[in-house]
Amino acid sequence: MKKLIFTLISFCIMTSCTTDQKNPFFETYSTLHGAVPFDKIEITHFEPAIREGIRRQQAEIDAITGNPEAPTFANTILAYEKSGDMLQRAGTVFGNLLSAETNDELQELARKMMPLMSQHENNISLDEKLFARIKTVYEQQDKEGLNSEQKKLLENIYNGFVRSGANLKGEAKDKYRALSQELSLLTLQFSENALKETNDYQLVITDSTQLSGLPESAIEAAAETAGEKGVEGWVFTLQAPSYGPFLTYADNRDLRHELYMAYNTKCTHNNASNNLEIVKKLANVRMEIAQLLGYDNFAEYNLQERMAQNSESVYKLLDQLLEAYTPTAKQEYAEVQALARRTEGEDFALMPWDWAYYSHKLKDRKFNIDDELLRPYFELGNVKNGVFGLATKLYGITFKKNPDIPVYHKDVDAYEVFDKDGKFLAVFYADFHPRAGKRSGAWMTSYKEQWIDEKTGENSRPHISIVMNFTKPTQGKPALLTFDEVETFLHEFGHSLHGMFANSTYGSLSGTNVYWDFVELPSQFMENFAIEKEFLHTFARHYQTGELIPDELVQRIVDSSNFNAAYACLRQVSFGLLDMAWYTRNTPFEGDVKAYEKKAWEKAQILPSVAEACMSTQFSHIFAGGYSAGYYSYKWAEVLDADAFSLFKQTGIFNPETAASFRENILSKGGTEHPMALYKRFRGQEPTIDALLIKNGIKK
């Protein structure tokens, strides 16, 4: 069924409005392309809009169930698909705000509104009259002559209701209501705690000798952070642009240890932000919901709507990767350990807070390459031009920055996107830098799905955003990105293309509304371009001299692209194993979270274990995001993306025919067909793990 409780992933606004101003959610947006009027929205608008949205949708549902005519696709399925527009608009803004620009007032409102929204969703999914009509259409669908997309919509809605408790009776139905409302509050609390722990920590350095090893860019950024916080010296935080360089370059091992422990013990401390009990509750509540619906465990429930279909298939993939990559990963570890011991002595024990530091030194020795060497060629403005230009080369689309489109924060840029024929394609927002109200990580989200009006044929285009936490500019330098940040940009931009190229009749089948283990294919596919000279030469110029990145430096990037690839693979596998361990349980968990975590992923661990560290308490993907029993999706899709890009390598990385086929079959169809059918239509064959092994240098 159509979900009303929104994954907490994206955006918003904090503007000055007069108290007598009209609530923007109550009227049709008058902005260009109907974009969200961020400049007119304030926090006080959300509650009345959500309450009115709930009232309106309930009236729409009552009209469906009160219709005296026999149930049909048009008067039941299509009417349901179109219901809840106001609630969807207000809720989308509200949910995204909680991720990209939150504050105490908004979080307090979320704790108030989430149960209300959950209750409303349950009122619909457990409405016996509504489900009876949906079931009638489902059972008699052959009589209506539905096309394939209409059949897919009907199937999704019917299965969605069943999976949301529509077949439950009596006490079981009441139990489902209680559990789903508890789940919505727990996920919100988990996210709030993780953000608070990230924002509350700072490593303050006043002795300049303790900055030894750090590059100028990291020192400048730390000085600016100190100034922003009103602190003397230099401040390092748990935000990625601060944390990553410190672990990579700081010579002071004690401080690396301190920062590592601060990051890896988030939400485990004896304070109000502790997530240890919340982790248990989230795992147990999801298990209870799954068992209430007739499944043995939550993974069995969740994977039914995935390409993998069951946990056996997931473990098969993870075990294949373990077998293929572990020997090389152990060799990689031994190499880094050997370098550390040559430097520190034979009794030196390489710990997790040493890994980035000595790995960097080894990489520099082997390939003479370093993030600080590359940064000058990756000025953010140039990278944007390169990434946008890549989309132009592949698909013919163009981007026009338009300040007339309102944005939710001054750091956000808004663009109009036009197709190769000049027609409007999408609104695109880009939000690049960290701030206190933004959660960590990077993500893509949509403010409006694409859909087609079946009566008029109008194709209503989507509004898409990517949100990141990249290196900020300083007083002396523009934003100069690391190579990893360039890859992240390409990744999230791949998701955005999936949203922008959407071309489905129904919004709930549009864009990224696909199986979760297919959704990472477009994003990870785009990362492949990062090491292609033809792509790098389109934009990578020194921000001061304008010099094109030298071929020799590009070759070093290529040569080093598989450095520690096996270790990186096992790290992702370990997260997949941890995820599956939490969600293949069929009995309540009441044990020690840290001990359980260490047992769950131990066969994928290469570095020594740290007793106090805990990933689960901050693992938002699987506890507060959409990746519960789904983190394996990254590796599942990586198999697909390696295979897909191998075709581009054969035909030319900018080949227009190959790109057109990728757009048509992978990026445009959304959830209208089974993803493997779409992939085989593009590739002409089913993927195997071999392409990934070859790409990573594991197999010749």
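Is A629 buried or exposed? A629 is buried, with a relative accessible area of 0%; buried means under 20% relative accessible area, exposed over 50% and partly exposed in between, with a 1.4 Å probe and protein chains only.

## Basis of the report

The model is predicted, so local features need pLDDT of at least 70 and side-chain atom pairs count only at pLDDT 80 or more, while totals for chains, interfaces and linings use all residues. Residues are numbered from 1 along each chain as its sequence is written, and side-chain values use heavy atoms, with hydrogens and water left out.

A629 is located in the loop between α23 (620-623) and α24. Helices are DSSP runs of H or I with at least four residues, strands are runs of E with at least two, and both are numbered from the N terminus. A629 is not a glycine, yet its phi is positive, about 55°. Most residues other than glycine have a negative phi, and most peptide bonds are trans.

C267 is another non-glycine residue with a positive phi, here about 65°. The loop that holds C267 runs between α10 (253-264) and α11 (276-292). C267 is buried, with a relative accessible area of 0%.

## Packing of α1 and α4

Two packed helices are described by the angle between their axes and the distance between the axes. For helix α1 (residues 46-65) and helix α4 (residues 104-125), the angle is about 5° and the axes are 11 Å apart. Axes are lines fitted to C-alpha atoms, for helices over the stretch in contact, and angles run from 0 to 180 degrees between N-to-C directions. The helices α1 and α4 are therefore roughly parallel to each other; angles under 35 degrees count as roughly parallel, over 145 as roughly antiparallel, 65 to 115 as roughly perpendicular and the rest as oblique.

On the α1 side, the residues that meet α4 are F46, E47, I50, R51, I54, Q57, Q58 and I61. Their partners in α4 are L106, L109, K112, M113, L116, M117, H120, N123 and I124. Contact means heavy atoms within 4.5 Å. The residues of the contact of α1 with α4 comprise 10 nonpolar, four polar and three charged. In this count, Ala, Val, Leu, Ile, Met, Phe, Trp, Tyr, Cys and Pro are nonpolar, Asp, Glu, Lys and Arg are charged, and the others, Gly among them, are polar.

Helix α20 (residues 551-559) has L553, V554, R556 and I557 as its buried residues. Seen down the axis of α20, these residues fall within an arc of 155°, so they line one face of the helix. The arc is that of the directions from the helix axis to the C-beta atoms. The buried residues of α20 pack against α14 (352-367), α15 (371-374), α17 (483-500) and α19 (533-536).

In helix α26 (residues 675-683), the residues P675, M676, L678, Y679, F682 and R683 are buried. They cover an arc of only 155° around the axis, which puts them on the same side of α26. The elements covering the buried residues of α26 include α18 (521-527), α24 (633-651) and α25 (656-667).

F388 belongs to helix α16 (residues 380-395) and is buried, with a relative accessible area of 9%. Not counting residues up to four places away in sequence, F388 touches F399, Y415, F428 and F493. F388 and Q320 are 68 residues apart along the chain, and their C-alpha atoms are separated by 36 Å.

E487 is in helix α17 and is partly exposed, with a relative accessible area of 22%. With residues up to four places away in sequence not counted, E487 touches E527 and A530.

V412 lies in strand β4 (residues 412-418) and is buried, with a relative accessible area of 4%. Beyond residues up to four places away in sequence, V412 touches V407, Y429, A430 and D431.

S460 is part of strand β8 (residues 459-460) and is buried, with a relative accessible area of 10%. Leaving aside neighbours within four places in sequence, S460 is in contact with K448, E449, Q450 and W451. The side chains of S460 and K448 make a polar contact (2.6 Å). A polar contact is a pair of N or O atoms within 3.5 Å; within protein, one must be able to donate a hydrogen and the other to accept it, and residues adjacent in sequence count only if both atoms are side-chain atoms.
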